Amino acid sequence: MTETIDAAITALEDDLALLPDWEERFSYLIDLGKQMAPLAEHERTEATKVRGCASQVWIVPERRDGRLFLRGESDAFLVKGLIAVLLQVYSGRTAEEILAVDPKGLAARLGLSDALTAQRSNGLYSMMQRIRSEAAQPIP
């Protein structure tokens, strides 16, 4: 995990900037998604499903040591890549760190707000809202 959320976002920005166009950037995102471990069947439930996404999306939260760790999956390759990006940014962070990130600002910094279709953007924001909602829950 990168030291700070800002450092994680900057690293992703830098990686995407190395690629000449969005066709190659989307391929990169898809590759990131393919590297993620799949969720177990019992983890893909209504409780972990993210509403507002055109694709099937599940995000599984786990709280440890005052931090929120996330795993996720989708049935769509590009969306799985977007989940991988969100996990690089948010997983392993404190609630305060997660809630301090502006979702629209994050999408803009990574160039995603201009590159994604409206439907994919809505799904991305639904995933970010779900993560923010999990972070806002009290830690038992």
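Start by selecting Leu32, Gln35, Met36, Ala37, Pro38, Leu70, Arg71, Gly72, Ala84, Leu87 and Gln88, which line the largest pocket. A pocket here is an open set of points on a 1 Å grid over the protein atoms alone, where a 1.4 Å probe fits, with protein on both sides within 12 Å along at least five of seven lines; lining residues have an atom within 4 Å of a point. Colour strand 2 (67–74) and helix 3 (77–90), the elements that give two or more residues to this lining. Helices (H or I, at least four residues) and strands (E, at least two) are DSSP runs, numbered from the N terminus.

A word on what you are viewing: this is a predicted model, where local features need pLDDT of at least 70 and side-chain atom pairs count only at pLDDT 80 or more, while totals for chains, interfaces and linings use all residues. Residues are numbered from 1 along each chain as its sequence is written, and side-chain values use heavy atoms, leaving out hydrogens and water.

Next, click on Asp65, in the loop between strand 1 (57–64) and strand 2. Its phi is near 50 degrees, a positive value in a residue other than glycine.

Finally, go to Arg132 in helix 7 (residues 118–136). Which residues does Arg132 touch, not counting those up to four places away in sequence? Show Ile98, Leu99, Val101 and Pro103 to see them; touching means heavy atoms within 4.5 Å. The Arg132 side chain also reaches the backbone oxygen of Leu99 at 3.2 Å.

How values were computed. Polar contact = N/O pair within 3.5 Å; in protein donor to acceptor, adjacent residues only side chain to side chain.
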